[in-house]
Amino acid sequence: AAHDFMDFDRFSGGDRMGPDGCYDVNHPNNAGLETIWCRGCKLRTLYERKYSGLSRADFWIAAANAVIRQTSVHNAVVLKDTFHRG
């Protein structure tokens with residue numbers, strides 16, 4: 001999810017980027033993300049089939065929260081109540 005908003009540039013004269021559900025696949029900091037967000041990849045398929053009603057930015061945050069829970073000791077870190085879409 002951080003890869004989405006870390007491209008924000010307040011000094012940009014045009015598109016400032018930021019939390020829009022998109023990331024620059026050519027930026028070195030995003031190397032490897034194409035393996036989880038490509039046509040046919042499980043995460044993108046999940047989004048397209050079940051969660052396309054969410055913005056991609058909200059989906060990335062919800063997915064990151066799920067990863068945090070699943071990787072926390074005894075699944076103790078639950079961020080469900082901290083997520084607000086939009």
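Let me start with a term: buried means under 20% relative accessible area, exposed means over 50%, and partly exposed lies in between. Keep that in mind. And remember that this is a predicted model.

Take Y51. Its relative accessibility is 33%, so Y51 counts as partly exposed. Now F59. Here the value is 4%, so F59 counts as buried. The rings of these two, Y51 and F59, form a tilted pair, because their centres are 6.0 Å apart and their planes stand at 35°.

How many aromatic pairs does the structure hold? Five. Another one is W37 with Y47, also described as tilted, at 5.7 Å centre to centre and 50° between the planes. W37 sits in the loop between α1 and α2, while Y47 is in helix α2, 10 residues apart. W37 is buried at 10%. Y47 is buried too, at 12%. Then there is a cluster: W37, Y47, Y51, F59 and W60 form one aromatic cluster.

On to helix α2. Its buried residues are R44, T45 and Y47. Seen down the helix axis, they fall within an arc of 160°, so they line one face of α2. The face turned away from that buried side carries the exposed K42, R49 and K50. And what covers the buried residues? The cover includes α3.

Last stop, the second largest pocket. It has about 160 Å³ of space. Which helix gives the largest share of the lining? That is α3, with five residues. By class, the lining has nine nonpolar residues, no polar ones and no charged ones.

How values were computed:
Residues numbered from 1 in each chain as written. Predicted model: local features only at pLDDT ≥ 70, side-chain atom pairs only at ≥ 80, totals over all residues. Heavy atoms only, no water. 1 Å grid on protein atoms, 1.4 Å probe; cavity = no way out; pocket = protein on both sides within 12 Å on 5 of 7 lines; lining within 4 Å. Points joined across faces, edges and corners; volume = space filled by probe spheres on them. Helix = DSSP H or I, 4+ residues; strand = E, 2+ residues; numbered from the N terminus. Nonpolar A, V, L, I, M, F, W, Y, C, P; charged D, E, K, R; others polar. Buried < 20%, exposed > 50% of the residue type's maximum accessible area, 1.4 Å probe, protein only. Arc of directions from axis to C-beta. Contact = heavy atoms within 4.5 Å. Phe/Tyr/Trp six-rings, centres within 6.5 Å; stacked < 30°, edge-to-face > 60°.
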